[in-house]
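Here's a quick briefing to read alongside the model. Have the structure open and follow along.

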Amino acid sequence: MSDLIRHECGIAVVRLKKPLEYYHDKYGTALYGFNKLFLLMEKQHNRGHDGMGIGGVKLGMSPGQPYMFRFRSAERDSLTTVFNKQVKTLSKLARQLEIDPEAPSTLRDHFEFGGQVLMGHLRYGTSGRFGEGSCHPYVRRSSWETRSLMVMGNFNMANSHELNQKLIKRGQHPVFGTDTQTVLEEIGYHIDEAHGEILRAKRGREGSADDAEIAADLDIVEVLRKAASIWDGGYTIAGAMGSGDVFAMRDARGIRPGYYFENEEIVGFASERVPLLTVFDLEIDEVKEIQPGEVVIVNAKGELRRDQFAKKEKFSPCSFERIYFSRGNDPAIYEERKRLGALLVPRIMEMIEGDLDNTIFSFIPNTAEIAYHGMMEELRKRRRDEVKKEIVKAMANGGLSGEQIDDLILKNWPRGEKIAHKDIKMRTFISQEKSRKQMVSHVYDITYDVVDSKDNLVVIDDSIVRGTTLKESIIKILAKTNPKRIIIVSTAPQIRFPDCYGIDMASIGKFIAFQAGLSVARKVKGSKIDEEIYEACLEELEKPPAEQENAVKRIFEGVSVREIERKIAEMVRPTEPAWNGELHVIFQSIEGLQEAISPNCGDWYFTGDYPTPWGYSIVNRSYVNFFRGDARRATEPELLPSVTQ
């Protein structure tokens, strides 16, 4: 993706099913689980760089001994540093005490993360503060193990304002920094309620009750069902209780991803399938997907069960997971990205007027490379079919000479080159805007003396969000090759509407497709269209979220995709260097997206059709903020309507 957007988060859970002695004897270290947690997080490091956190629960600890632990850091690229620091601290203490740092007894007595339950989180902040205090996991402590709770996840709750208001009405004093606090407190509230009922019943019958008895009777599924009944958003949430119960749950529409596996030694959870495959050396069919509305629970005995905490809704998985976010070495995602590239070929052939002989194909490094291979494969397949027909026709008319065969095969053959190179990782150490832009323009470099002035240069990208990098860097660099025509191709459709389920795309005014669409609409419908949409959004915001419609859609009614493409090409064309060639932008169609991925893929940022009621409140609020010149995200709690239906 040429425009960097913050996105998603990554979760990792390791639940050891055997005593630490087992792993020490078999693998030579009782740190087996801790090491696997690190690898599982490292393989998902693409999902979060704002901060990280790890948590652990020790089972079977005696009263008076701590059993739940957490460490968080918001330092840049802190993952390796934090894990190394934990191990070094353990080794130093072991030397002082003259004990084996990797012995089970050492970990149980002296290492905070020497338990059977280990959790890790990688954060990309899309709301709230961005310091250590906003990093997961969040912890709710109690003197009762069954009421102590640790929660982390990959989610955004679109109705976070409503959730906070509900806590306040109960008499609580929530912290508004992130929606994670509301999730923690909501689950904790229902745990407290269930805990109290069990305790009262047992005391009435038996006179006393301990944590183990309460944990055995506590219905975690019912607790989560009640908590999630008021959540509106996309989420995969993992949690651990002090009693040793672990759970991972996925929203009823499957917006956010989640996977798990189980064998006789371990249970593992992750946001993506491939990290589990790689870290634990598994076969594809050994890793299961958490189903929409499903919770997977591992109790204190290590027994796994699955249950529905919510009724399945229309399956709407985030299509950006498939297009960009998830690791491309997942076999399903790899094939989908190739199809996204292949399906753009008809539009490309139209734009280059079928002139493959004078066209060079390339890609924006590095995330568009898989789609590039799919595009090239389809181009070559088409050309092979053409050559085959010509050969058959020629053979029927007397055959071909060797020279004619060479000419036929080599002529008009798709030519791929690596033109753009991501040269350096830019740091924002220059504060002056002009100087910073000059530095950013050098993020990409080119291969010189490959493109000719008579060539079309087709460059594929996985998506175009803001268009900033295209204008300030990529096209400037590509124009230096002086091609006849530059064609930028996006494997994703036009991003017209904000996201509110976990991607940092809540400000509608930043999207170049929205800007271009509004510009075209002003010409077609008149300059008052801005105010008309604003008034319509305000009217919608007076309604409960479940009754609202997307008023912003009216901008795009009667405005064609190709008109917006032409306008975007005008907007991203740089003034320097001087270049007289043509610039075109092509986007994937919605139909192409659905064919490549699934007709059920979530496409609200392209279509404006949101899977949950509060999505419509977010899009209307986002436009209101844009019209008023308010740069804040529409998902920030204090900006949302105060309705609590």
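Let's start with a spot on the surface: Glu98 is exposed, with a relative accessible area of 73% (exposed means over 50%, buried under 20%, partly exposed in between, using a 1.4 Å probe and protein chains only). Keep in mind that this is a predicted model, where local features need pLDDT of at least 70, side-chain atom pairs count only at pLDDT 80 or more, and totals for chains, interfaces and linings use all residues. Residues are numbered from 1 along each chain as its sequence is written, and side-chain values use heavy atoms, with hydrogens and water left out.

- Glu98 has a positive phi, near 55°, despite not being a glycine, and sits in the loop between helix 3 (79–97) and helix 4 (104–110). Helices here are DSSP runs of H or I with at least four residues, strands are E runs of at least two, and both are numbered from the N terminus.
- Asp281 also has phi near 55°; you'll find Asp281 in the loop between helix 9 (273–279) and strand 11 (288–289), and it counts as exposed at 70% relative accessibility.
- His136 and Pro137 are joined by a cis peptide bond, with omega about 0°. Pro137 belongs to the loop between strand 4 (117–123) and strand 5 (138–140).

**Overall build**

- The chain has 22 helices and 20 strands. Its radius of gyration is 28 Å, close to the 26 Å that the globule rule gives for 645 residues, so the chain is as compact as a globular protein of that length. That radius is taken over C-alpha atoms, and the rule is 2.2 Å times the number of residues to the power 0.38.
- Along its principal axes, the C-alpha trace spans about 95 × 60 × 55 Å.
- Of the 645 residues, 57% count as buried.
- Take contacts (heavy atoms within 4.5 Å) between residues at least 6 apart in sequence: 74% of them join residues at least 24 apart.

**Cysteines**

- There are zero disulfides in the structure, a disulfide being a pair of cysteine sulfur atoms within 2.5 Å.
- Cys537 is in no disulfide, and the nearest cysteine sulfur, that of Cys500, is 14 Å away. Cys537 is buried, at 0% relative accessible area.
- For Cys601, the closest cysteine sulfur is in Cys318, 9.6 Å away and too far for a bond. Cys601 counts as buried too, at 5% relative accessibility.
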